Every structure is written in structure tokens, then in C-alpha cells.
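Work through the exercises below with the sequence and the structure at hand. Each task is followed by a solution in steps.

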Amino acid sequence: MKLLSILLAYACSALFIAELSAAAVVNAPARAPDNTTAFALSGRVENMCPTRAPIPKAIRTNEYEDLIKYYKYAYAAYSEKCLFPNQANGVRVTTSVFNNTVIYGLASGAGYIAVDDTKREYIIAYHGTKSVNDTRDDLKIGLRKFSVAGITVPKDVRVHEGFRDVYFRNDGHNTLINLLTKEFKRNPGYSIVTTGHSLGGAVASIAGVILRRTLKVPVKIYTYGQPRTGNAAYAQWVEDGVDLSNIFRSVNRNDPFPHVPTTLRGYMHHGTEYWTCGEGNTAADTRECSLPEQPNCSRDITTATPDIGSRPHRDYFGLPGNLEFCDQRRF
């Protein structure tokens, strides 16, 4: 099974390379933009921050700190500790992320819900691809309609079939709504943050707009390495529903995954993109790109040989990919 998972992951990577290469052929500029850096599969990527106008502004320190904070929540969703919060080897435990209690594991082990009573918010974190089934969902790239009880989804809204399926699988939507409805009765005035990495970022996007329109509470969306999730109508629906100022779509350097599926297939990102074009160690390394698919940001990094390796997609803000952010204490 492990070998099959690896083979499917490579197949998925091959699809990403093919999509990127096709887009490069169709959309290739006559001359590479001044800020474009050529890079090979194993080469070190130099500073990509743009030097030609319009130069996107660097983010503020507090925005940078929040991006890192919710990235840690997103990455914690890969941990088995967070996915099964109430027991470890049959022993009752308290599970936490940064001392904030994990109260529920989401359906099918897709992530978890934590509560931060200091900031008065529920953090809903989804993990990215970690199984054969996840890889199959990644490969379902058709744009499909969907409906949600209690809210109106515009007829022209389309989303990635696989990401849609992850959110709704095993009655995940209804379970989530019922759980949060009970929580908000106990904690009125709290808000929601949805977050996720890679596939988890796409699901966090879908969850964020649905929860905002269903529960009528403030919602913020933090995603990392999020692939394109829907069409232009979907992007507009998310921005209108959640508000552009509450959407933080983080892209690390030359991470190729945010650039698939391609716009040639009818996909488009929602804003705002927070592009870490430098090393990621300071706020100055991350730029705010306020327009969807904004030129002079990550989309300008075009090459026929993208770095499909793990580093740019995994190591956001210079954090190594083997950190453990979940903690369990027996009682």
C-alpha cells in the first residue's frame, strides 16, 4: 500500500508538470519578466522578489506572525495526534495545539477542530495529501456544480470535484454544522478560522465560504500551497461571502501546486495572495498581491522545469517539515 501511494503521488506530480508545461507553451511571454528566476529540479532558488513596477508591498509584522501561526495549525492536521483527539492507545488524553484544546476530529480523519478561548475562535484545520485516496481526489480535476442546504450557490459556480468530495464525504458537512451550532450556543461571539495546506487549503476554502454563509459568524481563511479550487464565479463567490480582507492565500516561493489546475481549464484563484518571494524569515520576504492571479507575483515564476520537490511546497517560512505541533497529555 505504501508503494502504491508513492506511485500515485508521482503520477499526480507528473500531471502537475504536464499542466504547468502546457500553460508555459500557450502563455509563454516573448521575453521572461525581469523578476523571473530560472530554476532546476535540484537547484537552489535565489531571491525572487520583484524589482520591476508595480512592486507588491511587503506585509506587516502582525500579518506575518498570523500567517506563521495558522500555518502551524494547518501542518498539525497531518499529525495522527490531532486527528484522533480523545484517545491514544485506549487511554483518555487531552490533545492541544499551542495549549488550545482539540475538541473534534473531522470526518474521515480529514483534520480537526481546536478552540482558542483567548482569541474566541474555532480553528478548523484540514490536512493535505497523505494517502492513496487523497491522491485520487487530487486527480479529479473536473469542475463541478454543488449545492448546500440552506444557502444559495450561484448556478455558474464550479469547484474541483475531488476537493468538493473531501468536504462532503461521510456527511462531513452536516456533522460540522451540527457540531459548530452547539459550540456557538455555548460560546456566542466566537469566530471561525479555516486553514489547510495543499489539498487541505482547497478544502478550507470551500469550508470557509460555506460556514460563513450558513452560520452567519465571522470567518477567516488561511491557506498554504492551495491549488486552484474553482472557476472565476467560485472565486468571486468566496470573496463576496467571506470578504477579501479575511482571505489569506499563502504561496511559498516557486511552489508549483498553487498553479494547478491551470487557468486553461477554467480555474481561477480567489485573492489575496501572500507570496513569500524571499527566504521567508521576515515580513519583508512576503508580499501582498491583492488581485486574483496578479501579475508580478508568484504567477510570474514561469519555467518548463518547476521545482516539483518537497521543499518549496512543504517548508513554508523556513520551518522544517518534521515539526510536531500537536501535544497529548494523559489523564
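The model is predicted: local features need pLDDT of at least 70, side-chain atom pairs count only at pLDDT 80 or more, and totals for chains, interfaces and linings use all residues. Residues are numbered from 1 along each chain as its sequence is written, and side-chain values use heavy atoms, with hydrogens and water left out.

**Exercise 1. Describe the chain as a whole.**

Step 1. Assign the secondary structure. Helices (H or I, at least four residues) and strands (E, at least two) are DSSP runs, numbered from the N terminus. The chain has 9 helices and 13 strands.

Step 2. Find the buried share. Buried means under 20% relative accessible area, exposed over 50%, and partly exposed in between (1.4 Å probe, protein chains only). Of the 331 residues in the chain, 56% are buried.

Step 3. Accessible areas come from the Shrake-Rupley method with a 1.4 Å probe; for residues, only the protein chains shown count as cover. The chain has an accessible surface of about 14600 Å², and carbon and sulfur atoms hold 53% of this.

Step 4. Examine the contacts (heavy atoms within 4.5 Å). Taking those between residues at least 6 apart in sequence, 73% join residues at least 24 apart.

**Exercise 2. Find the disulfides and state which parts of the chain they link.**

Step 1. Search for pairs of cysteine sulfur atoms within 2.5 Å, the definition of a disulfide. The whole structure contains 3 disulfides.

Step 2. Take Cys49 and Cys277, whose sulfur atoms are 2.2 Å apart. The torsion about their S-S bond is about 90°, so this disulfide is right-handed. The pair links distant parts of the chain, 228 residues apart: Cys49 is in the loop between α1 (2–27) and α2 (61–76), and Cys277 in the loop between β11 (273–276) and β12 (286–289). Both Cys49 and Cys277 are buried.

Step 3. Take Cys82 and Cys326, joined with an S to S distance of 1.5 Å. This pair also links distant parts of the chain, with Cys82 in helix α3 (residues 80–83) and Cys326 in strand β13 (residues 326–330), 244 residues apart. Cys82 counts as buried because its relative accessibility is 0%, and Cys326 counts as buried at 5%.

Step 4. Take Cys289 and Cys297, with sulfur atoms 2.0 Å apart. The angle about their S-S bond is -100°, and the link is left-handed.

Step 5. Count the bonded cysteines along the chain. The pattern is 1-3, 2-6, 4-5.

**Exercise 3. Decide how far helix α8 is enclosed.**

Step 1. Count its buried residues. In α8, 8 of the 11 residues are buried, so the helix is largely enclosed by the rest of the structure.

Step 2. Name them: Ala233, Tyr234, Ala235, Trp237, Val238, Glu239, Gly241 and Val242.

Step 3. Find the cover. The elements over these buried residues include β7, α7, β9 and β10 (247–252).

Step 4. Look just past the helix. Asp243 has a positive phi of about 85° there.

**Exercise 4. Locate the nonpolar cores.**

Step 1. Use the definition: a nonpolar core is a set of buried Ala, Val, Leu, Ile, Met, Phe, Trp, Tyr and Cys residues joined through side-chain atoms within 4.5 Å.

Step 2. Take the largest core, with 42 residues. Ile124, Tyr126, Tyr167, Leu176, Leu180, Ile192 and Leu211 touch the most other members. The most residues in this core come from α7, which gives 10.

Step 3. Look for another. A second, separate core has 30 residues, among them Tyr64, Tyr73, Tyr75 and Ala76.
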